Amino acid sequence: MKMTDLQSLLKAGPIAINLGLEEFAKSLQDQGAKVIHVDWAPPPPVDEEMEDLLDKLL
Amino acid sequence: MSTREVSIKKNRYLDSVFLMAVAQRLSEQPGIEDAAAVMGSAANKLILVKMGFNEAELAEAAQNDLIVALEGETEAVNGLLSDVEQWLVRPKSALDGAMALSLEDAWEQQETSNLVVISVPGEYAAREARAALEHGMNVFLFSDHVSVEDEVSLKQKASEAGLIVMGPDCGTAIIAGTGIGFANVVRRGSIGVVASSGTGLQEFTSLVHRSGAGISHGFGTGGRDLSDSVGGISTLTAIDALEKDPGTQAIAVISKPPGQDTLERIVQRLNRCSKPVAACFLGLESANWPSAARFEISATIDDVVANSLLLVGKTGGSATLLLPVKNAERLEKEVERMNSNQKYVRGLFAGGTFCYQAQQIMRDGGVAVHSNAPLEGMTMLDDENASVKSTLVDMGADEFTVGVPHPMIDATHRRKRILDEVQDPTVAVLLLDFILGHNASTDPVGDLAEAIVEAKRQSSEAGHYLSVVASVCGTDEDPQGLEKQEQLLRDTGVVVFPSNAQASQFARDILSKRMEVSK
């Protein structure tokens, strides 16, 4: 049977990337799980004028 | 002189939990009456306008801007806003591990990653989840306000890739012994569980642990997964995974009533399952239970725990915990001191599923209930802040948690509401839940103990006896300590039960007994 990626999660346990609340990364770390916390910020706002210009050029 | 002023920080992001703490600290400063610190989303700006802040000034703030809003004495407000930056400095991270600047960066640092935990604002969550799936990682999506279209497309994409999306609005999971989000510390064992309700999953796993058995894996799927618009995609994926998992002997499924087509699909899948199955569709009246099911269906979480224990050959340990105990004496003691006007229950819940299950138990006993989250056949409250006759309130519902922490983390709203309820002389019973585990309050009972003592005192002064009935969802291994929390409740004069179902039944029995007495 092919091992899917979900099955490998169940076998190995979480090796995690955390985006958002740092508390969630901390509790994973406290339980001994590997976790990388992302210092997340929203993407910069889209410049609509620039987007229109690009649309026209493409 | 009193004033309301706002300060806008352009392109500055801080997460909501940290911002709530900032607002809390600011509101405690001398001369400050009210404080808010929020990102500039349309919903947040609307709340600030309702609080009386200037709409034109707020219009300057975009979604990625941070707003600090203060109301109070002019001098105090201006003083704080002139140096607001010092309040926005995060304490040093408590994490030992690596940090990354983006999902991409984190993936490059740790290519063995198999799970991405996402709790960013809903409008950005689907984009991050999609990127996680494209890298072949599973997703735990805590964020809410993700559209149903995004949910379906993410779940289909995951399903095609042999992955799972737990959520959106998924609070809890336990994978190979590791709790994710709001999870209790439970031993590993052979029962696998799939739940579309977060507190339902917490109650199930805690009761299994307390009965001496353990959990192989616990999947949360998000509350909408079993609606017909989503069709149970993640539930079906989790069932497939648990069926293949060598450490799982039996599978439990817990949900609120699924969509009709989805219920049929789930039943067909469970009928074909090569492992024994137990299910609980909370809120679904037994007359509507699917007749085609070739597995045991239960009405309450306690019953699905008992059935699951039987499926893995575990008996004995559960007997004292789950079987109905003789409560006659306790009941008599609670009722005998009541005044003839006391006849209603007021339930204030941190767990949405507990509010729901309590309503089901009241309904089955013929008790009419008002709620802000009514079960079919119950009455919607006109004003969620004003209880009517018997009322059960989900204090974690959206209307109570915009801009403030969930009651599992912060008890401020519940504390105040307890003291409001006791002003009504017709109240006989106060029904409460307490939820322990990772990421919950460090002392859930301690947060409310003083308010309970005060409520009992006020009731007694008015010539009544207020019965307070509670359950604690948690285990001896949780950081808060189950025994310590239960003992504090007993010391406060609260009647304590091991589960929400039993506490709700006891509260219902008090009402029935009161009716008998008044006849």
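A:Glu51 counts as partly exposed because its relative accessibility is 40% (buried means under 20% relative accessible area, exposed over 50%, partly exposed in between, with a 1.4 Å probe and protein chains only). This is a predicted model, in which local features need pLDDT of at least 70, side-chain atom pairs count only at pLDDT 80 or more, and totals for chains, interfaces and linings use all residues. Residues are numbered from 1 along each chain as its sequence is written, chains are lettered from A and ligands numbered from 1 in the order in which they are written, and side-chain values use heavy atoms, with hydrogens and water left out.

**Chain A**

- Chain A has 3 helices and 2 strands (DSSP runs numbered from the N terminus: helices are H or I with at least four residues, strands E with at least two).
- From the N terminus on, these elements follow the order α-β-α-β-α.
- Of the 58 residues in chain A, 47% are buried.
- A:Glu51 lies in helix H3 (residues 48–57) of chain A.

- Six strands form an open sheet with parallel pairing, in the order E4(B)-E2(A)-E1(A)-E5(B)-E6(B)-E7(B) (two strands pair if DSSP finds at least two bridges between them).
- Its edge strands, each pairing on one side only, are strand E4 (99–100) and strand E7 (165–166) of chain B.
- Strand E1 (residues 15–19) of chain A pairs in the parallel sense with strand E5 (residues 115–118) of chain B over 4 bridges.
- A:Asn18 is opposite B:Val117 in E5(B).

**Salt bridges**

- Over all chains, the whole structure holds 25 salt bridges (a side-chain nitrogen of Lys or Arg within 4 Å of a carboxyl oxygen of Asp or Glu).
- B:Arg90 and B:Asp15 form one of them, with the closest N and O atoms 2.7 Å apart.
- This pair links distant parts of the chain, 75 residues apart: B:Arg90 is in the loop between helix H4 (74–82) and E4 of chain B, and B:Asp15 in the loop between strand E1 (2–9) and helix H1 (16–27) of chain B.
- B:Arg90 is partly exposed at 31% relative accessibility, whereas B:Asp15 is buried at 5%.
- B:Glu421 and B:Arg346 meet in a salt bridge at 2.8 Å, N to O.
- B:Glu421 is in helix H16 (residues 412–421) and B:Arg346 in strand E15 (residues 344–349) of chain B, 75 residues apart.
- Both B:Glu421 and B:Arg346 are buried.
- A network of salt bridges links B:Glu151, B:Lys155, B:Arg224 and B:Asp225.
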